[in-house]
Amino acid sequence: MSSWARNARVVRALGMRSVRQTFRRPQLIAPIIVFPTILLAIQTGGASGALELPGFPPVQSFLQFMLAGAMVQSLMLAGNSGGIALAVDIEMGFTDRLFSAPIPRFTIVLGRLAGTAALGLFASFWFLAIGLLFGAEIESGIAGALLAIFLVTAAAMAVGGIGAAIALRTGSASVVQGLFPLVLVVLFLSSAFFPQDLMIEPAKTIARYNPLSLIVEGIREPMISGIEVGDTLYALLAILGIVVLGLILSDRALRHRLRVG
Amino acid sequence: MHDPGHRGAVSFLAMPAIVVEGLERAFDKVLAVQGIDIVVEEGEIYGFLGPNGAGKTTTVRMLTTLLLPTGGRAAVAGHDIVKEARAVRASIGVALQEAALDPLMTGRELIRLQATLQGIPTAEGRRRADSLLERVDLSAAADRRVGGYSGGMKRRLDLAAALVHEPRVLFLDEPTTGLDPVSRKTIWEEVRALNEGGTTVFLTTQYLEEADQLADNVGIIDSGRIVAEGTPESLKAELGNPHIQLQLAQGSIAEAESILAPIGKLLPTKDGSRVLLEVENGAADIPRVVRALDEAGIGVEALELVKPTLDDVFVEKTGYHLEDEIEEKAEQEPVGA
């Protein structure tokens, strides 16, 4: 077996463990699926009057508009949960088991990210299923659904890189868990739950430069109108930027951890 | 610093299982390991003893490539721990302190994952997992989550995971700490069986009896330095004389000690409830001791001739009892069996 194939096998095994770990620990799966679903239900049920606001983008239903926000909330919390799980591994010494194996140590981070990506994939299917079940339409059809699924999966992995970096640097589950409110702040300062054009300053400017807004719009457009090349490219660039940042920070944190023990 | 000369010159070419030369590790300005030298021959069980904070775990973490040294060098299974770290990791099995197990995984999942990490093909990994689970008597619990295992089951699972790739050198970091005597004995039997099969074992322990029972050679580390090294028998022989341990039925300990002082050398006790008297002639001195106490009207409830133990070696080399350390640790951090 080539070293590439062997490393891919390790990443897959660690990714599967990560997914199993999430589903077996309710406090990890709840923020990814349960909370965004409840918030989606509350917002769709209670705030659909927002559709009447002048300047609100033309959509088939408020649920159709909100689906992208729920998906992004889910992927953000998946990244945070992945970081918490990695920090728990560090605290209980499980990462020592992995570090003492004859594998490139970065495969440990990649395995965790593969697991977070799989959770993003699951979340995208979950929210698309909910949307379709409750009457939301995907304007660009199957291609748009596939694009949304891809962007959610890739973004989950990207955000997971940031979570992993913080976990590796601090080695503390409570520190990573403490970032939960920050995740929500970043989320609400984007266009996840409200159209950017209807925001007031300074939230409007912050949302404009928040890379999360680019990801949200990349996911939302195929659902509410059609696939826009520009929006898709911006979303991909934002994801790429977060991936690169996450990988650099994770690599540095990993080296630091191995140096100081 | 300890002189390793009595166990032969340290040489990377001779390829013992473990060679350590002047190994150091500093944390900021604190030197946790201060230039230690160790040689562990192929097929040996090396017992590494020391109190909390002596540098045992730091040494093991360096030898298992989990921590970079800040000075000196070491080779494990013929590979440099810094320059050939991955080759070292392919040659060693590691069962770390506190059994680093994921409570949400099943025993079978854990061993299969370990097999994958070691690059063992899937089918072979499954076969080895089944075989190892049977070997450590965990087949019935293999599909239960590790969180529900007892302390002894966790240690056995940890040991099985460390063996999945049939390592040349096995590092066991306090494998029986907190276990009940039966579970401890099971682990000892497994370690002996592994060693008989040719595996070199580097065993850190706080239990002197464990080192005495298992180890071919023992190293005692204190404040980051090796303060004694040799076979358990040679270390005990270095101490020389046995001692008589007396439990008094009546009379004061202080009075008994003043009467016995001319006969031998009084030794300190942990709790002051006994008299310990080192004697030159062993059993031949017992009648003298009994007679002296009898003449003073001091009754003896129990008397025992005690030959030097590793605990005595430990006291001699470090100035305190290792058991006191364990008790203190147990009071601070109770560990369930």
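Please keep in mind that the model is predicted. Chain A puts 22 residues in contact with 21 residues of chain B, and within chain A, helix 2 packs against helix 5.

**Helix 2 and helix 5 of chain A**

- Helix 2 (residues 26-46) and helix 5 (residues 106-133) of chain A have axes 10 Å apart and pack at an angle of about 25 degrees.
- Because angles under 35 degrees count as roughly parallel, helix 2 of chain A is roughly parallel to helix 5 of chain A.
- The crossing of these two helices is right-handed.
- From helix 2 of chain A come Ile32(A), Ile33(A) and Thr37(A), which meet Leu119(A), Ala123(A), Trp126(A) and Ile130(A) of helix 5 of chain A.
- By type, the residues of this contact are six nonpolar, one polar and no charged.

**Where chain A touches chain B**

- On the chain A side, the elements giving two or more residues are helix 1 (3-24), helix 4 (94-99) and helix 11 (229-260).
- Helix 1 of chain A gives the most to this side, with seven residues.
- The chain A side divides into ten nonpolar, four polar and eight charged residues.

**Strand 6 of chain B**

- In strand 6 (residues 92-95) of chain B, Ile92(B) and Val94(B) point one way, while Gly93(B) and Ala95(B) point the other way; all are buried.
- Strand 6 of chain B runs parallel to strand 7 (residues 169-173) of chain B, and four bridges join them.
- Across this pairing, Leu172(B) in strand 7 of chain B stands opposite Ala95(B).

Conventions
Residues are numbered from 1 along each chain as its sequence is written. Chains are lettered from A and ligands numbered from 1 in the order in which they are written. This is a predicted model: local features need pLDDT of at least 70, side-chain atom pairs count only at pLDDT 80 or more; totals for chains, interfaces and linings use all residues. Axes are lines fitted to C-alpha atoms, for helices over the stretch in contact, and angles run from 0 to 180 degrees between N-to-C directions. Angles under 35 degrees count as roughly parallel, over 145 as roughly antiparallel, 65 to 115 as roughly perpendicular and the rest as oblique. A crossing is left-handed if the near helix is turned anticlockwise from the far one by less than a right angle, and right-handed if clockwise. Two residues are in contact if their C-beta atoms, placed from the backbone, lie within 7 Å. Ala, Val, Leu, Ile, Met, Phe, Trp, Tyr, Cys and Pro count as nonpolar, Asp, Glu, Lys and Arg as charged, and the others, Gly among them, as polar. A residue is buried if 20 or more other C-beta atoms lie within 10 Å of its own, exposed if 12 or fewer, and partly exposed in between; C-beta atoms are placed from the backbone. Two strands pair if DSSP finds at least two bridges between them.
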